[in-house]
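I opened my notebook beside the model and looked things up one by one. Here are my entries, in the order I wrote them.

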Amino acid sequence: MKLLEIKDLKVYFPIKDKLFGKPEKFIKAVNGVSFHVKKGETFGIVGESGSGKSTIAMTILGIHKKAGGEIVFKGKTIESKEDFKFLRKKVQIVLQDPEASLDPRKKIKYIVREGLDIYKIATKDERNKRVKEVILKVGLTEEVLNKYPHELSGGQKQRVSIARALVLEPELLILDEPTSSLDVSVQAQILNLLMDLQERLALTYIFISHDLKVVEHIADRVMIMYLGKIMEMGSAQDILLEPLHPYTKALLSSVPLPDPKRRKDEEVFEGEVPSPLDPPRGCPFKTRCKYAMNICDEPPKPVRMNDRLIFCHLYKEG
């Protein structure tokens with residue numbers, strides 16, 4: 001079952017040269033992206049900074065306005081304010097930096113309970129009971145409820161962020177780089193917690209990251225993005241074991257190996273990332289790709305190879 005479907009999503013940010021008047025340029029942060037997320041799976045979105053991954057997350061939640069395309073949740077097209085209000089009860093987000101996303105002036109019990117208060121769910125006693133239950137689920141004790149964020153460690157703060165997202169009993173959790181600001185040892189604990197919660201609570205995840213090794217550990221399917229476009233999409237195992245798109249190959253090649261004696265085939269990035277204000281015509285990766293050809297001036301059409309989708313002129317269907 002498709003829980004979430006994104007169809008030809010476009011998100012453009014206007015750039016004004018003058019204080020008044022119409023914008024003269026647009027940053028095409030997301031430019032025609034389509035994918036779906038199946039119920040119960042973990043769908044990974046991977047790419048460098050500026051690829052559009054977090055913009056997709058914020059647009060799904062209605063924080064950014066889309067310039068085009070459709071957002072469909074459980075068969076319902078999400079358009080109006082009421083639609084997004086309905087969606088936000090079913091879809092929650094855990095942000096990258098808990099230090100910035102938790103209100104330093106509020107105690108943890110109020111931070112976690114906030115969603116229940118906004119939607120006026122149950123009585124006050126029942127809300128407090130649910131807050132205690134969810135705090136225990138994320139591996140914390142009730143003692144933290146009367147503390148402020150600055151009194152907790154980084155890992156504890158991120159567990160609070162997860163608890164705040166879970167308290168509304170969502171069906172889909174968007175995890176936007178949830179471990180990147182944490183120590184390596186704590187990262188593993190949070191990843192294991194997320195996988196355990198997914199199994200126990202029948203959750204569906206969108207996991208956003210630039211770290212391919214983390215995605216390999218947690219994702220079922222993965223979408224590789226570059227400058228607002230999809231490069232490659234398919235099962236995480238297929239893509240990370242045998243990448244086909246030159247960008248995916250270069251991205252994987254940049255991941256350091258734990259064994260310094262072990263060699264690997266290297267695909268090195270060439271040049272700088274183009275400005276999103278003036279992206280290359282055709283394939284956005286052509287200016288950094290050693291396989292670039294004249295045909296790359298034309299946008300590549302999606303090529304389906306088994307269960308994988310590749311946007312590259314190097315490949316032809318059949």
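I began at asparagine 306, which sits in the loop between β11 (303-305) and β12 (308-310). I noted how strands and helices are named here: helices (H or I, at least four residues) and strands (E, at least two) are DSSP runs, numbered from the N terminus. Asparagine 306 is not a glycine, yet its phi is positive, about 60°. Asparagine 306 is exposed, with a relative accessible area of 75%. My cut-offs, with a 1.4 Å probe and protein chains only, are: buried is under 20% relative accessible area, exposed is over 50%, and partly exposed is in between.

A reminder to myself: this is a predicted model, where local features need pLDDT of at least 70, side-chain atom pairs count only at pLDDT 80 or more, and totals for chains, interfaces and linings use all residues. Residues are numbered from 1 along each chain as its sequence is written, and side-chain values use heavy atoms, with hydrogens and water left out.

Next I looked up aspartate 8, which is found in strand β1. Its phi is also positive, near 50°, in a residue other than glycine. Is aspartate 8 buried, partly exposed or exposed? At 37% relative accessibility, aspartate 8 counts as partly exposed.

Then I followed the sheet. Four strands form an open sheet in the order β2-β1-β4-β5, with antiparallel pairing. β2 (25-38) and β5 (76-77) stand at the edges with a single partner strand each, so one side of each has no neighbour in the sheet. I wrote down the rule for pairing: DSSP must find at least two bridges between two strands. Strand β4 (residues 68-73) is joined to β5 by two bridges, and valine 72 stands opposite threonine 77 in β5.

Which helices lie across these strands? α1 lies across β1 (2-15), β2 and β4, and runs at about 110° to β1. Helix α2 (residues 81-90) lies across β4 and β5, at about 50° to β4. For the angles, axes are lines fitted to C-alpha atoms, for helices over the stretch in contact, and angles run from 0 to 180 degrees between N-to-C directions.

I zoomed in on threonine 55, which lies in helix α1 (residues 53-60). Threonine 55 is buried, with a relative accessible area of 14%. Leaving out residues up to four places away in sequence, threonine 55 touches Val11, Phe13, Ala29, Val30 and His64. Contact here means heavy atoms within 4.5 Å.

Strand β3 (residues 42-46) was my next stop, and five of its five residues are buried. On one side I found Thr42, Gly44 and Val46, and on the other Phe43 and Ile45. β3 runs parallel to strand β8 (residues 204-209), joined by five bridges, and phenylalanine 43 has isoleucine 206 as its bridge partner there. Four bridges join β3 to strand β9 (residues 221-226), also parallel, and isoleucine 45 stands opposite methionine 223 in β9.

My last entry was helix α4 (residues 108-118), where the buried residues include Ile108, Ile111 and Leu116. The buried residues of α4 pack against α5 (124-137) and α6 (154-166). After α4 comes lysine 120, with a positive phi near 50°.
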